[in-house]
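Colleague: I'd like to go through this model with you, starting with its charged pairs. Can you bring it up?

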Amino acid sequence: MISILVKSFDDLSKIELYKILRLRAEVFIVEQDCIYQDIDDKDQKALHVILKKESEIIGYTRIFWPGDYFDEASIGRVVISKKERHNCYGTDLMKASVNAIYETIKTKKIKISAQTYLKEFYNNLGFYEKGKEYLEDGIPHISMIKE
């Protein structure tokens, strides 16, 4: 059974936080072979969108209010565990994240910093490219907006 939870940092259990950080490290640091500071003191400001399958965290995003990361509301650290990507849970997770912004932050304008190879995925969710491609932690990215 799949469930999606939205929690503040203070509402995360120790186990949830551990599993989130482990998933982020597995994908962003180990799988993508990218050494960077994932724990960046921004989690405390964020809302955390957690995708669970049974009791396991298999997907995650974090959401920021305008001004906390970008001028616009934003979604970041979008991740689905490698063994679950074939199930297309990324679309469900992003739709839930967008809806969490609509309901909690009450804005329609959302900015993301997307890995360039995922442009089409985000285009299908209503995001469009804004600006030129750039490197972030050695990986090609592009700014994308949804309004």
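Colleague: Which residue does R22 form a salt bridge with?

Modeller: This is a predicted model, where local features need pLDDT of at least 70, side-chain atom pairs count only at pLDDT 80 or more, and totals for chains, interfaces and linings use all residues. Residues are numbered from 1 along each chain as its sequence is written, and side-chain values use heavy atoms, leaving out hydrogens and water. A salt bridge here is a side-chain nitrogen of Lys or Arg within 4 Å of a carboxyl oxygen of Asp or Glu. In this pair the closest N and O atoms are 3.0 Å apart, and the partner of R22 is E26.

Colleague: Why are R22 and E26 separated by about one helical turn?

Modeller: Helices are DSSP runs of H or I, at least four residues, and strands are runs of E, at least two, numbered from the N terminus. Both residues sit in helix α1 (residues 14-31), so the spacing comes down to their being four residues apart.

Colleague: Are D43 and R24 buried or exposed?

Modeller: Buried means under 20% relative accessible area, exposed over 50%, and partly exposed in between, with a 1.4 Å probe and protein chains only. The two side chains meet in a salt bridge at 2.9 Å, N to O. As for burial, both D43 and R24 are buried.

Colleague: Which residue does D40 form a salt bridge with?

Modeller: The closest N and O atoms of this pair are 3.2 Å apart. D40 is in the loop between α1 and β2, and its partner, 37 residues apart from it, is in strand β4 (residues 73-80). That partner is R77.
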